[in-house]
Structure formats: C-alpha cells, structure tokens
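Here is a short report on a protein model. Look at the sequence and the structure, then read on.

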Amino acid sequence: MAHEHPPLHHAERGKRATRILAIQRLLIDKGVITADEVDDIIERARERTPADGAKVVARAWVDDAYRARLLSDARGAVGELGYRLSHDAELAVVENTADVHHVVVCTLCSCYPTSLLGPPPDWYKSFAYRQRAVVEPRAVLREFGLEVADGVRVTVVDSTADVRYLVLPRRPSGTQGMGEDALADLVTRDSMIGVAQARPPKP
Amino acid sequence: MPAVHDRGGLPCDEPIDRAEHEWADWEHVTNALVGVLRRHGLINVDELRRGIEAMAPAEYESVSYYERWSASIETLLVEKGILSQAEIDAVAATLAARWG
Amino acid sequence: MGVALQAGDAVTVRAAEVDHHHRTPWFIKGKAGTVRRVHGAFPNPESRAHGGDGLPKLRLCQVEFRQADVWGTGYRGADADLLLADIFEHWLEHS
C-alpha cells in the first residue's frame, strides 16, 4: 500500500554524516549508483513495520498447522502470507510457552528480523543491551517490566550469524474467539524480540 | 581480551536506555547506501562488519550506530578503489562549508 | 572436518583466538554445548569479509549451552536457563 511519508528529518550533521552524504554524491555523480535506487530503498525501509510480524504471530495463534510450519520452516511460512525475506538472511522463529521464555540479542552487532519488524529500536543496538542481555537476562527483562518466574526457563538467543530470530509470544488469555486482525493488535514489537509479553485484550 | 565489537557479557551497570530517536536524513541514506551497494555486488555485509570492527576501539565506542556504518562504507569504497579519500575529503569540505 | 554434525550432537566450540573477522563470540569459545538444529549451509563470513567468495559454504549450527556452563558463577539467573548461538561447523568439535 503506497502512502506518503513525512519528509526526512535534518538533524545537525557531524563529520561522519557529512562524509556519507559526500560519498552518496560522488557515487551518483560517477554513475556507480543512481539517486532513484537510494530513494527506493529509503522508501521501502520506511514501509516495514512490526505490523508485518504481528500478522504472522496472529496467524500462528489461530492455526496450529501454520504454527508448526512457522517453527520448522519460517521462510516458507511467512512466504504464505506474502512476506518475501531478503535472499541473504534466513529467518527462524522461537516459541514462548508456559515453560520457556526466549529473548533475542545480537552481541556482535545488531542482527534483527528487519524484513518483518522494520529497523531495530535504538536500545537493541546499545552496548548496555548487547552486554547485559546475554549474562543477566532476567534483570534486563525486569527493566522492561517483565518478571519471569523462577520455574520458567529463560533462553537467550544470540543472533550471531545468518539467521534472524523472531519470538512467537504466548497468546494472551481471554482472547478466545478473537479474529486475526484483533489478535495482531495485541502483538507488540517488543513481544517479538522477547522483552515483553503480548498485550492483554481490552476488557 | 575480546575485540571491541564482541561485547556479550562485558561488565555494565547502566540501565537500558529505551529512548528512541527519529532517524536523521543521513542515517536513512547510510542505511540505503549499504542496500544499493550490496545490490550492485560492490560490498557485502561481512565486509561491512569487518570495516566496523576495524575502527579504532575508542572511535567505535564513542560514535553512533550509523556513524560506524558510515566509517565502514568509506573504508571499503576507498579500499576497493571505487572512491578516493581525497575526493571524499573535497566534497565533504564543500558540503560542510555550505551547511556552515 | 570429520562426520557432519547433526541435531543432538555434543560439541565443544574451538577456543581459537583469530585476528580476522569471525562470528563466534568470545564467551562461548572453549564451551561445551549441544547442536539443536542445523540451519543449512551459508557462505563463510571469514572469507567473504576479506574479499573471498565465501565458498565452500559451511553448515551453520544452532548450539544450545547451559548458561551456568558459559558464565559459571557469573551468571545471574536460574540453573535451567539456556543460551542459543549460531556457530559455523568449522568452529565446532565433537566432544
């Protein structure tokens, strides 16, 4: 769906900002790339939001066979809903249950399932999250407002290579009979990273 | 001692800062340039990471996320002979003068 | 490289220190874990990062570690807690 994006925001430009804009200018002037190619990728990047991942999760909540396919062959399963992943990053989905809670981090850089969630939040790329999530996940989750009970296993997924990880959060209670669109509204970005649960339904 | 990017488990007592910022124009451009250059087969993501990891540790730790990408893109384009440091310097100086 | 790794295999991550680009975090080097899943074969980042073609592709394994084994007493969590990391096969040895 095409829609108008607000104009890009001009912040104060530091040295690196100036140099990358100089590089853009030179690459275009020399014919290495075109301005349209850059604009095209900027627009497409802005169209990707966590709403895409939320639709995948909602489908998995209502359709057990789909959920099984999503867990075993995520690329094929999201393809069924029309989502095409970048050719050079694989996708895997890990499921939160009553017994295990998954949370995703990339300690080496910032690997993230951008195809389904859009760009990662700043905190996901921060040194504090990259350093702490892997060694004290329960304390980090507590900061996000999520207390994981002692009897529930916390599994940290360090996204170290070519696979991007999406968390399938638990379906909230009190959502029997809700349709997929209403369910998708309960699925937040943070719940698909694993630092939150999906939202409870409005009473 | 682990390399500067290999940060899992390093001591840190700071809380997670959950504030998010709106991308500036140059951050959109930096992100998109990587996509375009990859599409043309001129750089790949492993090279981008290697260029980031080659930054001086003090710079890696003091600059922002897309500033690291910007530094790596420059390293790779110069290394591959696609652009020269001198021409980037010259255009950057012109842009900086224009923006004051 | 020996016999191909499969889900369920007990493995140890090589403790090598290397200067080139690689995707094995320091804190699992030398640690023992279990292969949980083999994702398939991907170009070798250690070659591609330095101008190579990344071939032959290497199998990428999702390896499960007990957090208590990775961090020892430094781990702040429950004994059952786990860490999953994706490690290329040439970093793994059968234990």
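In chain B, 60% of the contacts with a separation of 6 or more join residues 24 or more positions apart. Keep in mind that this is a predicted model.

What does the chain contain? The secondary structure of chain B has 5 helices and 0 strands. Along the sequence the pattern reads α-α-α-α-α. Of the 100 residues in chain B, 52% are buried.

Some overall values for chain B follow.

| Property of chain B | Value |
|---|---|
| Box filled by the C-alpha atoms, along the principal axes | roughly 45 × 30 × 25 Å |
| Accessible surface | about 4,600 Å² |
| Distance between the mean positions of positive and negative charges | 7 Å |

Carbon and sulfur atoms account for 54% of the accessible surface of chain B. The charges of chain B are 9 positive and 18 negative.

Now turn to the partner chain. The size of an interface is often given as the accessible area lost when the parts come together. Between chain B and chain A, about 5,300 Å² is buried. Carbon and sulfur atoms give 61% of that area. Three residues, Ile16(B), Arg18(B) and Asp25(B), supply 12% of the area that chain B buries against chain A. The contact involves 59 residues from chain B and 55 residues from chain A.

How many salt bridges cross the interface of chain B and chain A? There are 7.

Methods: Residues are numbered from 1 along each chain as its sequence is written. Chains are lettered from A and ligands numbered from 1 in the order in which they are written. This is a predicted model: local features need pLDDT of at least 70, side-chain atom pairs count only at pLDDT 80 or more; totals for chains, interfaces and linings use all residues. Side-chain values use heavy atoms; hydrogens and water are left out. Helices (H or I, at least four residues) and strands (E, at least two) are DSSP runs, numbered from the N terminus. Buried means under 20% relative accessible area, exposed over 50%, partly exposed in between (1.4 Å probe, protein chains only). Contact means heavy atoms within 4.5 Å. Accessible areas come from the Shrake-Rupley method with a 1.4 Å probe; for residues, only the protein chains shown count as cover. Lys and Arg count as positive and Asp and Glu as negative; His and the chain ends are not counted. The place of a charge is taken as NZ of Lys, CZ of Arg, CG of Asp or CD of Glu. Buried area is the accessible area (1.4 Å probe) that two parts lose on being put together, summed over both. A salt bridge is a side-chain nitrogen of Lys or Arg within 4 Å of a carboxyl oxygen of Asp or Glu.
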